[in-house]
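Open the model in your viewer and get ready to select residues.

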Amino acid sequence: MISTSDESRLPARSLLTPPFTGEDVDIASREVLQQGFFHVEALTLRHRLFEGGWSDTVRRELHCRHGAVGVLLYDVALDSLVFVEQFRVGAVDDSSSPWKLELVAGLKDRDESEEEVVRREAQEEAGCTVQELTRLHRYYPSPGACNERVTLFCALVDAAHLGGVHGAADEHEDIRVHVVPFADAWELMEAGRLDNAMTLIGMHWLAGRRASLRALPEHARRFGATTAQ
């Protein structure tokens with residue numbers, strides 16, 4: 001159904017307020033199809049339509065996950081990012097490799113704040129101590145089928161001595177840490193080696209802010225930017 005009404009050409013600022021809320025969804029039933037660390041539900045529902053009335057009753061499967069938190073670790077002095085490399089089961093059929101280069105990230109437990117998750121994961125996955133955090137974005141990676149919501153931060157760190165293999169043994173993690181100059185990281189991205197949403201979002205954010213971050217005198221003093229070019 002295609003509409004060409006004037007209402008479909010509203011000014012962009014009006015999009016700040018969604019036309020509908022959760023109350024405009026009528027859920028008839030929720031059935032748990034699989035229960036584990038993650039679980040899958042089948043929802044029978046209908047929802048309001050833009051041109052009025054209600055949709056037909058439909059069945060939708062929902063992958064339920066904990067909220068996730070990630071952090072772009074950037075060294076101002078070295079103009080370098082910290083990536084972690086590890087096996088990812090979601091990429092097990094990837095024709096290139098199921099080992100992926102990513103930002104540090106983890107799942108949020110109910111009793112942890114997002115900032116606490118970032119600091120814990122940075123230490124566990126990269127041996128990196130994180131202090132101040134800047135929140136970049138909060139987004140749904142795949143809202144068509146999954147309720148996971150990701151919060152992405154940036155932290156300015158000293159990466160001069162980072163590297164090696166890390167990870168929590170009780171979680172069977174085998175994580176290798178890489179400190180990569182920004183120019184090289186950009187080449188990796190353009191070559192398709194950086195191919196997950198969180199890392200791509202972080203890279204494009206940093207591309208727009210990198211010069212200003214490196215120019216701030218307080219960052220130069222605090223992160224030893226005497227080595228910066």
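Start with how α2 and α3 cross: the crossing is left-handed, meaning that the near helix is turned anticlockwise from the far one by less than a right angle. Helices here are DSSP runs (H or I, at least four residues), strands too (E, at least two), numbered from the N terminus.

This is a predicted model, where local features need pLDDT of at least 70, side-chain atom pairs count only at pLDDT 80 or more, and totals for chains, interfaces and linings use all residues. Residues are numbered from 1 along each chain as its sequence is written, and side-chain values use heavy atoms, without hydrogens and water.

Select residues 182-190 for α2 and 197-215 for α3. The two pack at about 140°, with axes 11 Å apart. Axes are lines fitted to C-alpha atoms over the stretch in contact, and angles run from 0 to 180 degrees between N-to-C directions.

Next, show side chains. From α2, pick F182, A185, W186 and M189. They meet L200, M203, H204, L206, A207 and R210 of α3. Contact means heavy atoms within 4.5 Å.

Now click M203. Among the residues it touches are L72, L81, F83 and L194.

Zoom out to the largest nonpolar core, with 24 residues. Such a core is a set of buried (under 20% relative accessible area, 1.4 Å probe, protein chains only) Ala, Val, Leu, Ile, Met, Phe, Trp, Tyr and Cys residues joined through side-chain atoms within 4.5 Å. Which helix gives the most to this core? α3 does, with five residues.

Last stop: a second, separate core of 19 residues, including V82 and I175.

Technical notes. Buried means under 20% relative accessible area, exposed over 50%, partly exposed in between (1.4 Å probe, protein chains only). Lists of a residue's contacts leave out its neighbours within four places in sequence.
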